[in-house]
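Thanks for coming. I have one model to go through today, and I will keep to what can be computed from its atoms.

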Amino acid sequence: MVAMTKKTPAVGSRGFDLASVLEPWVYVSPALLLIGAIMLVPLGIGISYAFRDIVLLNPFSGGFVGLAHFVEIWNDPNFWNALSNTLEWTVASVLLQFVFGLILALLLNQPFRGRMVVQALVFIPWAVPSFLSGLNWAWLFNPVAGPLPHWFVAFGVMAKPDNILSDPVHAIWGPIAANVWWGIPFYAITLLASLQSIPLEIYEAAEIDGAGPLRRFWSITLPFLAPTIAITLLLRAVWIANAADLIVVMTRGGPADSTQILASYIFTQAFQRLDFGYASALATVLLLLLLAYSVIVVFVRQLLIRTD
Amino acid sequence: MIGRLILAAAASALMLSQAMADTTLKLVEVITSPERTVTLKEIVAKFEASNPGTKVEITSLPWGQAFEKFATMVSAGDTPDVVEMPDRWLSLYANNGMLESLEPYLAKWEHTAELNDRTLQMGRFVKNTAYALPYGFYLRALFYNKKLFAQAGIAAPPKTLDEFADDAKKISAIPGKYGYCLRGGPGGLNGWMMFGAIMNGSNAFFKEDGTSTMTDPNFVKGFTFLTDLYKNGYAPKDAVNWGFNEIVSGFYSGTCAMLDQDPDALISVAERMNKDDYDVTPFPKGPAGKSFPTIGYGSWSMFANSKNKDLAWKLIATLDGPEGNVAWNKKIGALPIYKTAESDPFYADPKFKGWFAELGDKDVTPLVMPTYLEEFAYFADSVAVKSSQQALLGQVSPADLAKQWGDLLTKAQQKFLAKK
Amino acid sequence: MPPMLYNLRKPAYWTFHYALIAIYVAVALFPLFWMFKVSVTPNQLLYTEGVRLWPSSTTATHYLSVIEHTDFPLFFRNSVIVSGLTSLFTTLVAAGTGYSFSRFVYRGKLWIVGLLLVTQMFPLVMIIAPIFKLFAPLGLTNSLLGLIIIYTTYNVPFAAFLMQSFFDAVPKELEEAAMIDGATRFGALRRIILPLTLPGIAATLGFVFTAAWSELLFALMLNSSTQATTFPVGLLSFVSKFSVDFGQMTAAGVLALLPVCIFFFLIQRHLVQGLTAGAVKG
């Protein structure tokens, strides 16, 4: 039954009550503790490496080098290459995931026979571990053991059945394809949820007023979805920019570093060259870039929030 | 399944209580595969039997990530007593003072005299001290597909690089087939060095003053040889990304007809190809009439901070002792370290004649990579892969590639010489 | 529920609609089908018949080897333990956090939200070495517990936002009414609010389970002993120096996918439902 009675402040009174000021913090404390200990402390250490010379296994490294790594980054052509690849990778993945996810959400928003089953089926790719999706798609693109190159030839897209992963110009589309396949459900789920919360009366009113389907989409659906779109784009872009596993599994950043993104470059610097100082500096740069991006998106979102 | 779990739990509880009184040695293997681990466990079991009160805890790292995993473990203080040490890692760990010198143990070991010269030579590569005891050698030779050769009308495998290029051309004329299984991806450096050295007619990487021989025009010819092979389509277009697994599977699937590899590839190939369809021959010679197939090795090392050094040495001695070693090498496909082992019936298999012919030929000198340079591992695994891919794709000319590599290696070598 | 709108649609529209749906389903399932196909292809036919849609003869040997001759059942079990406990702990912690965001307005809330977002922003590679150094003396390396702690921490932010939107869908008035009647906030939360958000909780559990199930990097770097290996790392062990055993790897992949796909299949509806209600609050 009821545990104990607690005096709640009368509705409307804003008198100082320590218990109620602390209350929200109590609920948040486990999360803060965990994140503080497990993420922030190591993050702090990790960032500090960026200012030191840390070469794993070299007992004589560890000295403070100030901004030397950052200067090195500025002059490192591999960094700029990785940065531009990261942009290409992130923008293409996010856009394609969004567009296809939106279409899917729109399709699922209409009730039809078998909708429940279809919905469950098309969301399954999300449950597949991303690296397994990468291996799978690498297999699909391989002309020796997969069907895709041969289909490309049949459709006239390619002259000979080659593996696009070996083509420095097109290789990045391999991991992008795997990423889009895997990521569509995320968008579809969140957009579908938003779509289903749009009151139907608005649509009905618009249709009665003579607005066609396209017009309804532009002036009702999109504005309603805008805040959700903004947040999901933000989160996904950040995750994708940081996700090195698909690329490492499918192309290892090659051929000739044409698919090397910042996240995978950080991995190679850290674990192949064992230069944790440089890798941490790179990661700090990536972190700053993503922070800047997030601030912009949140700002834009604030502008878009409709007041009901 | 549940029964097994309970049994396992009970067994480990029992062992835990017993282990309190035992010494436990930690052994890490890195070139891991299921069959190998089984063989390793067998040898280790014999060791445990003859040294009661000792337990060996084996950790098997997946080869693809072994380098980074082991480095992470070691940097956090999780060090083993004995570790499998690939030749390319030796310089890194030995030069940072992490390995124990095996010289005092070797001086007293009864089998030291039976080791062939190469074994001790390679184990002493760093600072002329034996920081590792090799267990077997990986020597390159040429695998070729007899069926494809017959199809292309070629009677015998190539003896010179010119014949090699010619044969590659003829076989690539067959639709869907290619002459050479080129390793353009990770681990491909050996191939570039080999072709370069053979064309250059010398196995020296550096001149007296430390400058690299790579910029010599003949060395560059070796690089051009490879880029031409790729450009002309004598190797599959996909090969620019190919690593060990892909070239071997390219060979046994019959896609490409010639493969340069070590005896350990023989195991995979023998499993999947009919033995009449392929054979192994010494690697072709260059214009100077000489050949320089690359040689590498795997070894066992002891960590300097081991708390049971004598016991750890006994483990290494068991792994590298005559019966342990031959059994091990038969399973993993490396050439043995003992002078007498070559007469073992296992190595009398006709497929091994290619390698033994190389070892007996005075015009064939195994090419030893400069793994004593600390920077070499990173160079081989990252820089070389990227730049060689650029060369294959035509983004960089072979001459520029040679200059790039030459400059890097010269710097490393001169730094090394200065420290001596 | 469907209003008159939908009955006005023309047949041509529906054909188009169904065609698109069919394409989506086909694209979603084809790679999985292919993985299954490879897992039942005998080794000899793997390369020669690589491109056929179905091999000329099928075999169950890969599945049998994976189950009987490898440590895969152990890896599978470890993954179940880690993912299950992670989803439980995460949901608990995230529920508290999400509730706090949903019900209270207080100084510092924005900072906490920002903090949670920031944790999603840096490449995890950067903290592997520090975490390793932190965990090793505590005995948390080579252990499932270490992984559970890390996974929980990493998943709490997104799970908290999820839980927040589920709580947002339940009117505040419900607890306030209960509290006026004498209940504590926590009691009201437990007895009234939580039961109403059960679908949301199920969805969060499923979401986190899926995320923990597929994690590779930390599982690889922090654990080296076979006893503590989870299935993604186990899958990598099929790639040895000598060969890539695709048959076994895809068989193991299919086996590992089954539970998580089924789980996700069952909870995805709740995810949509729960998010729908909370989505209005944005």
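Conventions come before that. This is a predicted model, in which local features need pLDDT of at least 70 and side-chain atom pairs count only at pLDDT 80 or more, while totals for chains, interfaces and linings use all residues. Residues are numbered from 1 along each chain as its sequence is written, chains are lettered from A and ligands numbered from 1 in the order in which they are written, and side-chain values use heavy atoms, with hydrogens and water left out.

Chain C, then. It has 14 helices and 0 strands. Helices here are DSSP runs of H or I with at least four residues, strands are runs of E with at least two, and both are numbered from the N terminus. The C-alpha trace of chain C spans about 75 × 70 × 30 Å along its principal axes. Of its 282 residues, 60% count as buried. Buried means under 20% relative accessible area, exposed means over 50%, and partly exposed is in between, with a 1.4 Å probe and protein chains only. Among contacts in chain C with a separation of 6 or more, 71% are between residues 24 or more positions apart; contact means heavy atoms within 4.5 Å.

One helix to look at is α7 of chain C, residues 125–135. There, 9 of the 11 residues are buried, so the helix is largely enclosed by the rest of the structure. The buried ones include C:M126, C:P130 and C:F135.

Chain C is divided into domain 1 (6–49) and domain 2 (70–281), with bounds that come from an automatic or database domain assignment. Their C-alpha centres lie 30 Å apart. Between the two domains, 8 residues of domain 1 are in contact with 7 residues of domain 2. The area buried there is about 590 Å², and carbon and sulfur atoms give 78% of it. Buried area is the accessible area, again with a 1.4 Å probe, that two parts lose on being put together, summed over both. On the domain 1 side, C:M35, C:V38 and C:S39 lose the most area to domain 2, together 57% of what that side buries.

Where is C:V38 placed? It is in helix α2 (residues 11–39) of chain C, and at 3% relative accessibility it counts as buried. Leaving out residues up to four places away in sequence, C:V38 touches A:W139, C:L46, C:H62, C:F246, C:G247 and C:T250.

That list includes a residue of chain A, which brings me to the contact between the chains. It takes 100 residues from chain C and 96 residues from chain A. Together the two chains bury about 9,000 Å², 79% of it on carbon and sulfur atoms. In chain C, C:Y24, C:M121 and C:M126 lose the most area to chain A, together 9% of what that side buries.

Chain A also has two assigned domains, 17–49 and 70–307.

Next, rings. Over all chains the structure holds 69 aromatic pairs. The rings of C:Y13 and C:W14 have centres 5.6 Å apart and planes at 75°, so that pair is edge-to-face. The rule is that rings of Phe, Tyr and Trp (its six-membered ring) pair if their centres lie within 6.5 Å; planes under 30 degrees apart count as stacked, over 60 as edge-to-face and the rest as tilted. C:Y13 is partly exposed, at 29% relative accessible area.

One aromatic cluster includes A:F186, A:W239, C:F158 and C:F207. The charged end of A:R236 sits over the ring of A:F186, 5.4 Å from its centre. In chain B, the charged end of B:K351 sits over the ring of B:Y278, 4.6 Å from its centre. The test is NZ of Lys or CZ of Arg within 6 Å of the ring centre and within 35 degrees of the ring normal.

The largest nonpolar core has 323 residues, and B:Y93, B:W313 and C:F218 touch the most other members. Such a core is a set of buried Ala, Val, Leu, Ile, Met, Phe, Trp, Tyr and Cys residues joined through side-chain atoms within 4.5 Å.

Last, B:Q261. This residue is found in strand β7 (residues 256–261) of chain B and is buried, with a relative accessible area of 1%. Beyond four places in sequence, its contacts include B:R140, B:R183 and B:W355.
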